[in-house]
Amino acid sequence: MAEFTMELNDEQREVRDWLHGFAADVIRPAAAEWDEREETPWPVIQEAAKVGIYSLDFYAQQYFDPTGLGIPMAMEELFWGDAGIALSIVGTGLAAVGVLANGTDEQIGTWIPQMYGDANDVKVAAFCSSEPDAGSDVASMRTRAVYDEAKDEWVINGTKTWATNGGIANVHVVVAVVDPELGSKGHASFIVPPGTPGLSQGQKFKKHGIRASHTAEVILDQVRVPGSCLLGGKEKLDERLARARERAKASGGERVKNAAMATFEASRPAVGAMAVGTARAAYEVALDYAKTREQFGRPIIDNQGVAFQLADMRTRIDAARLLVWRASWMAVNGKPFTAAEGSMSKLFASETAKTVTAQAVQILGGNGYTREYPVERMHRDSAIYTIFEGTSEIQRLVIARTLSGMPIR
Ligand SMILES: Cc1cc2nc3c(=O)[nH]c(=O)nc-3n(C[C@H](O)[C@H](O)[C@H](O)COP(=O)(O)OP(=O)(O)OC[C@H]3O[C@@H](n4cnc5c(N)ncnc54)[C@H](O)[C@@H]3O)c2cc1C
């Protein structure tokens, strides 16, 4: 097990500087344009693919860094560049992780390359779990997958929503109900291969922020996928369902309910790191501005009212990064999250991003309120962090339940 460290080693520093260069030279200059266009920035994803930032290899390398700092460091730098473009670059990772976590070696080898494509023909992937009536309450999911034994095919029907890259993805990973009696324990994940009939894009959302990232509904109408598209395979699913049924019987036949609370604990620090990146970007703009903008014959930072805000902003950002790094180190080293440290890091970092970007807008005054300066966009972008991968309220529920052992509602 690696010791917890707050010091990047030489290799990590090199990777960080390389990512920072890409974020500063390629992502940041393109940010305003793609935010206005509200479209997937394919040319930027392609640039990332060319230099090796858009690939499973790169993320796997960071993920397996035993210090746990690889992923948070990468996320912070890319999202420092721009949140919408960075999500377009890392969004495929959500679906890839779904396959890595549950898939067989064969499924990993077959589908993950198709999720990324290559530098000449980049592709994206989508992870589709949320539904119109199943957001925080994942257990109320309705999309249904039924096994057609005669054809060894699964038939999937339902409507997914809020899917990043939904409808434009080459490969969709879809979570569906296979046993409605078991709540979230009766869910399974499926690959929907490119061009499968019955899968279509519904509404594409016009969003408040991260507008360079495509978010849409995904409609599944009599979608048939081969048995081999069930992640993990049928045998493993049957065993898991049998165990869940036993447990449900032991608990008096009560429907197994799980409001997505304890899951994702290990992936949440990565979202916290994205929020740290946006917060740091806004703080840096505000600091520069405060040192150069003069009113009443002196730089505005000469006023404690402004300087203290900057002091608080930086303090919160550093505290958020420490929580993120701790949780990420714990996740990589298999430390149990006895105080929901993953949720803590996401909660604090995402709230920090919202607060800090709002302060940055204030420090820039009228300029902060315009699209001439990037803090306006960063402030809009920051609002997503307290919503996706579990809202702030759900993080608090997870933390409170973990600390108390009580079924707090
Ligand atoms: C831009 C964007 C991208 C996304 N990408 C994806 C994706 O790629 N794949 C995917 O599957 N999903 C994705 N999501 C969905 C996201 O994870 C959900 O929006 C999120 O889980 C919240 O669900 P909801 O929107 O239905 O809100 P709801 O669950 O309806 O919550 C509404 C409000 O009620 C509060 N609330 C709900 N339950 C409780 C409770 N028990 N206690 C206290 N407060 C509560 C919430 O905190 C929130 O403030 C994305 C969402 C967005 C906006």
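**Figure 1. Contacts across the whole predicted chain.** Residues 24 or more positions apart account for 74% of the chain's contacts with a separation of 6 or more, where a contact means two C-beta atoms, placed from the backbone, within 7 Å. This is a predicted model: local features need pLDDT of at least 70, side-chain atom pairs count only at pLDDT 80 or more, and totals for chains, interfaces and linings use all residues. Residues are numbered from 1 along each chain as its sequence is written. Of the 409 residues, 48% are buried (20 or more other C-beta atoms within 10 Å of the residue's own, again placed from the backbone).

**Figure 2. Helix H13, residues 392-404.** The end C-alpha atoms of H13 are 18 Å apart, which agrees with the 18 Å that 13 residues should span at 1.5 Å a residue (the expected span is 1.5 Å times one less than the number of residues). Helices here are DSSP runs of H or I, at least four residues, and strands are runs of E, at least two, numbered from the N terminus. Ile394, Gln395, Leu397, Val398 and Ile399 are the buried residues of H13, and they pack against helix H10 (341-363). Just past H13, have a look at Gly405, with its positive phi of about 70°.

Figure 3. An unreviewed UniProt entry places "domain: Acyl-CoA oxidase/dehydrogenase middle" here, at residues 126-223; UniProt positions follow the numbering used here, feature names are shortened, and annotations may be inferred rather than shown by experiment. The span is 49% strand and 0% helix, and its end C-alpha atoms lie 16 Å apart.

Terms used
Buried ≥ 20, exposed ≤ 12 C-beta atoms within 10 Å, placed from the backbone.
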